[in-house]
Amino acid sequence: MKAPMLLGGIALSLLLGPAISTALAQGIVPAPDRRPDEGIGPFDRLTIRNVMVVDGTGGPPRGPTTVTVSGNRIGGGGGRRGAGQRGGRGAAEDPNLSTHTIDGTGMYLLPGFVDMHVHVGGRPKSPEAEYAYKLWLAHGVTTVRGVSLSGNEFTVREKERSANNEIVAPRIFNYQRPRGDTPEQAREWVRRAAERGIDGLKLGSSRPEIMAAFLDESKKHGMGSTAHLGQGGVAQMNAMDAARLGLDTVTHFYGHFEALLKDYVVQPWPVDHSQSNEQHRFGQVARLWDKIHPPGSPEWKAYLQEHLDLGTVFDPTMTIYSAGRDVMRARAAEWHDEYTLPSLMDFYTPSRGSHGSYWFYWTTADEIAWKNFYRVWMQLINDYKKMGGRVTTGSDSGFIYDTYGFGFIEELEMLQEAGFHPLEVVQAATMNGALTLHEPKGIPIQFGVIREGMLADMFLVEGNPLANFKILYGNGAIKLNDETGEVERVGGIRYTIKDGIVYDAAQLRADVRAMVEKQKRERGTQGDGVR
Ligand SMILES: [Zn+2]
């Protein structure tokens, strides 16, 4: 989501210096130091026995087998006699080395997920970073790309603390929104950003000469780029214009449909439209679905072929707009009661002040437009995948009834709905994200695949997620137990392993539920109003 005031402020802070950054950092409480009882390891030798493995490359599941980890690196496994296994046997013989064994019977082991589009929240909706971090980890997300996570000063510090495992949090990649009104200012911003440890740019739909300067300079510094090609500027910077200038990733759908318009060169807005009215803004997005060259047309194919040739990555974040096609479902999601902070629920509630809470008077026609839009959008994403284009997974949670972690799993379900095989979904959610984060730096991936030598970022879940992604939701999937006649909740991630440290995912979920409970108690009997 693009929150103009907040994000503008963050970008401004990079130009104006520490005073403003500090003020913004106060909008979110950094995670507390990791307590000794939070997570175990890393171990000289961690052994995960009798587990089914989905490696993230798109390869088929294998096992049951044994996977070993030495420190924070995957070593051996898959029944092969790799170096890690030999080293592991040596470790087991040495009483001075720490060892730990997990019985993976009945479980699947996958690489940690990579959420390519996150913001951590902040006051008033979710004041503590710990809330989003634990929800992400509890849903198997071990790496996030903040676009931006929050202000740069906060993000740099939290990224470092996470890298040192001083906090319970996923790995953090720091993308920030650049500023610059002239090409030279744009280049100067990028040069300073590179010095400040920023990993990449979260672009908008800047005008062509500014966009060109941002992208050209970012490549000189090994920085990545992703763009939300906002409707305000997309008439002169659609997804093809941006890709031709060297943009790495198109996030959301903005810019695709505008590049495929059939009868116009700009979106044919209603004449009484105001972009400042968020119901207008989000309602009109969906009206693009039948204004474009239709799926499968020569123009459609040529559009995707040129992106493929340019190497553009699509990061659709379908989950974040999904309430548009059925707002009652999103508002009444089963997880809100236990896992959505009351303050976040307040933020989601229709309001002209909260970004993305645009349900001023949402109609049947609005939902049907969004259902039609999704059919076309999903086909665009799936056709690109079929041609060999890279698709990644992002959630953008924290807006539009889309709660951290849960939204990410919904994105997996929606990719399957778009036509992805579950193994293609996992590939998008793991290896593809890792490739996209590492390529700008010119280095091979360090995580995102279960392979010897990779960082030990993984998770274990009871049951087979390829058969049902719903078991990855924090509150599991509903299943009738035919032996007892009881309705049960099954699944839920059992362990999330980040950097060789094993977290009990049930405990992470319990911590989040306690945060929600605490806020409910503090609010006492205050009326909740219509939600
Ligand atoms: Zn966003």
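Is E38 buried or exposed? E38 counts as buried, because its relative accessibility is 10% (buried is under 20% relative accessible area, exposed over 50%, partly exposed in between, with a 1.4 Å probe and protein chains only). This is a predicted model: local features need pLDDT of at least 70, side-chain atom pairs count only at pLDDT 80 or more, and totals for chains, interfaces and linings use all residues. Residues are numbered from 1 along each chain as its sequence is written, and side-chain values use heavy atoms, with hydrogens and water left out.

**Salt bridges**

The whole structure holds 37 salt bridges (a side-chain nitrogen of Lys or Arg within 4 Å of a carboxyl oxygen of Asp or Glu). Three of them are tabulated here.

| Pair | N to O distance |
|---|---|
| E38 and R35 | 3.8 Å |
| R187 and D216 | 2.9 Å |
| K441 and D199 | 2.8 Å |

K441 lies in the loop between α18 and β14, and D199 in the loop between α6 and β9, so the pair ties together parts 242 residues apart in sequence. D199 is buried at 8%. K441 is partly exposed at 36%.

**Strand β8**

Helices (H or I, at least four residues) and strands (E, at least two) are DSSP runs, numbered from the N terminus. Six of the six residues of β8 (171-176) are buried, so the strand is largely enclosed by the rest of the structure. R171, F173 and Y175 cover one side; I172, N174 and Q176 are on the other. β8 pairs in the parallel sense with β7 over five bridges and with β9 over two (pairing needs at least two DSSP bridges). G146 stands opposite N174. Y175 stands opposite G200.
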